[in-house]
Amino acid sequence: MSALFLVFLLFSSASGGTNPASSPDPFTAGVSLNIDCGGAANFTSEFGRAWVADRFFSAGATGLVAEPHRFLQQQERTLRFFPPVSAGKKNCYSVPLPPGRYYVRTFTVYDNYDSKLRTPSFDVSFEGTLVYAWRSPWPEAAARSGAYADLIVSVLDGTANLCFYSIATDPPAVASVEFSAVHPLAYDSASIGTDMILINYGRLTSGGSLFGPGFTNDSDAFSRVWQSDADFRSLDVPIKALSAGGHRIFGANQAPNYFPVKLYETAVTTVNPSDALEYLLPVDTRLDYMVWFHFAEIDSGVTRVGQRVFDVVIGEENVTRIDIYKEVGGFNAFKWHHIVENLTSTTLVVKLVPVAGKPIICGLENYAMVPLDLATVPRQVMAMQALKESLRIPDRMGWNGDPCAPSTWDAWEGVTCHHSDNGQNLVVTQLDLGSQGLKGYISDKISLLTNLVSLNLSSNSLGGTLPSGLGQGSLVSLDLSSNQLTGGIPDSLGSSNLKVVLLNNNQLDGQVPEKLYSIGVHGGIIDLSGNKGLCGVPTLPACPLFWDKRGLSTAGKIAIGLSCAFVVIVLLLIYLFCIRRQNDDYDFEFPQDLISIAAKRNRYQRQKLMLVEMEAPNSNGFPSTSNAR
């Protein structure tokens, strides 16, 4: 196991709480969540802690420790492990939590759950930052009984990402994960900021035994667990344990750190007045450390200022002088912390050197200060998540968590990342996913990968069309050959800086943009063969009349539009003519007064004609037989 962190080799239980709820202040809302990794059902522990069945994991399988009877707590017996062959090298618990600051504790165990008698090697990250490194072989106690590790971290985006990275072919494993909200200003966060993780290298109670939620019925507002200082104190100095003897301790359990009252009810001091109390704390020389000291004058014999005074020496530096009674009086909690930098030894020596009386201490905390690693540009994370869905990336490729972070790990399988130009983020520069059996389509969110230089999705079974945003200016090499892509080639590909374009053996159609084809003319490589519908450039058939790129050209569309307009106008004229004709047939007749006049005139003409006929002889020479009028 790496010296990057210190785990508690505790051989019993763990703690829990309530489900997460949306709140601007998760600590005030009491947000906590305890996940029994590998567990199949919710339950409540003997200490009243609520545990939920395994959830929020990316992949993996469940396991059971070889000797469950040795583990007193249910959540310690089951585990989730992540075989890299089926689950990929990177797997995560992505837990939805309200933005805020959290205490996070994990329990890791092997106990030969896989019957291979070999502990695995793997790394653990939180929010894209490497926090723990397990290396085989583990210490025997940790391998058989498990180990707890915890940290304090800010969750800013509403999702806590706890990720595991396989070393070689070893499957990472975890038995439980706990989240408990802490006060936003706890542990001097106003000074160190939200981009710093505090990793526990030792949280010690002096003169007492292990206590804390999940291990005892003692409370801690942050669910912290405090272990005995016996393993970290120099054995060369005889000590004496002290107790408050039932006296009430004031000043404990207060904002923003809410250190528990029980911490200040016990203490240790030296037997010999001239001896210094000495602690040996393991550290990593690459990191800075925040050391918290806890004092309370619980000796009723000390009643005045100056009666007990001692210096705090860290390393070789005398950093402060403490007179507890002067600071807070008797039976009052007093807290003080110091940041240690530029370490040269893997053991940090802390001494309380007497000035007057004997030194005394109630507790000690040592936290490694780990800056958050660079993260992938958020818009590119969004693009990669969209591609994960649209390309149907299989679990075995391990596309979980941040695509590029931690920067010390390999990025997602088939993904290459680099630092952004301003050095403040990570960016995706290459996707090499050829021959992976992908069966989806290319999401249009790929346009958000503005630093992408090379894209290889060849020899898969991708369908759909080429997104118009694929021609980002950074793209130099594009290989989408041997898929089932349809539709036309977007103009954006012709306006990019592409030098290699392989689109052969697809189902593309339409006219090829001239600028895209010119890549081959200017020394690049382009292959469009095996697309029966493409046309319009040398080596390909000529496009039909009025055909351009994805279909009809603009001129063709105008011609069809004009033809349609002409037909519509002709039909409209015919329709109007027919309507007019029908109206004429119905309305064209003489007015009644004109008809009456014409009738009278015709009658008068007939009478006049009859008189003429009567006056003339008939055709036989006989006079007419008609009566004269």
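## Terms and model

A residue is called buried when its relative accessible area is under 20%, exposed when the value is over 50%, and partly exposed in between, using a 1.4 Å probe and protein chains only. The model is predicted: local features need pLDDT of at least 70, side-chain atom pairs count only at pLDDT 80 or more, and totals for chains, interfaces and linings use all residues. Residues are numbered from 1 along each chain as its sequence is written, and side-chain values use heavy atoms, with hydrogens and water left out.

## Salt bridge between D170 and R118

A salt bridge here is a side-chain nitrogen of Lys or Arg within 4 Å of a carboxyl oxygen of Asp or Glu. The structure contains 16 salt bridges. In one of them, the side chains of D170 and R118 come together with an N to O distance of 2.8 Å. D170 sits in the loop between strand 11 (159–166) and strand 12 (173–174), and R118 in the loop between strand 7 (100–108) and strand 8 (122–126), so this pair ties together parts that are 52 residues apart in sequence. Strands (E, at least two residues) are DSSP runs, numbered from the N terminus.

The two partners can be described by their accessibility. D170 is buried at 9% relative accessibility, whereas R118 is partly exposed at 45%.

## Other salt bridges

R308 and E297 also form a salt bridge, and their closest N and O atoms are 2.8 Å apart. Both R308 and E297 lie in the loop between strand 19 (288–296) and strand 20 (309–314), so the pair ties together parts that are eleven residues apart in sequence. R308 is buried, with a relative accessible area of 7%. E297 is buried as well, at 1%.

D220 and R224 meet through their side chains in a salt bridge of 2.9 Å, N to O. D220 and R224 are both buried. Elsewhere, a network of salt bridges links E67, R70, D111 and R144.

Strands of a sheet pair through backbone hydrogen bonds, either parallel or antiparallel. In this model, three strands make an open sheet in the order 16-17-24, with antiparallel pairing. Strand 16 (239–243) and strand 24 (360–361) are at the edges with a single partner strand each, so one side of each has no neighbour in the sheet.

Two strands count as paired if DSSP finds at least two bridges between them. Strand 16 and strand 17 (residues 266–270) are joined by five bridges in the antiparallel sense. Within this pairing, I239 stands opposite T270 of strand 17.

Key: Helix = DSSP H or I, 4+ residues; strand = E, 2+ residues; numbered from the N terminus.
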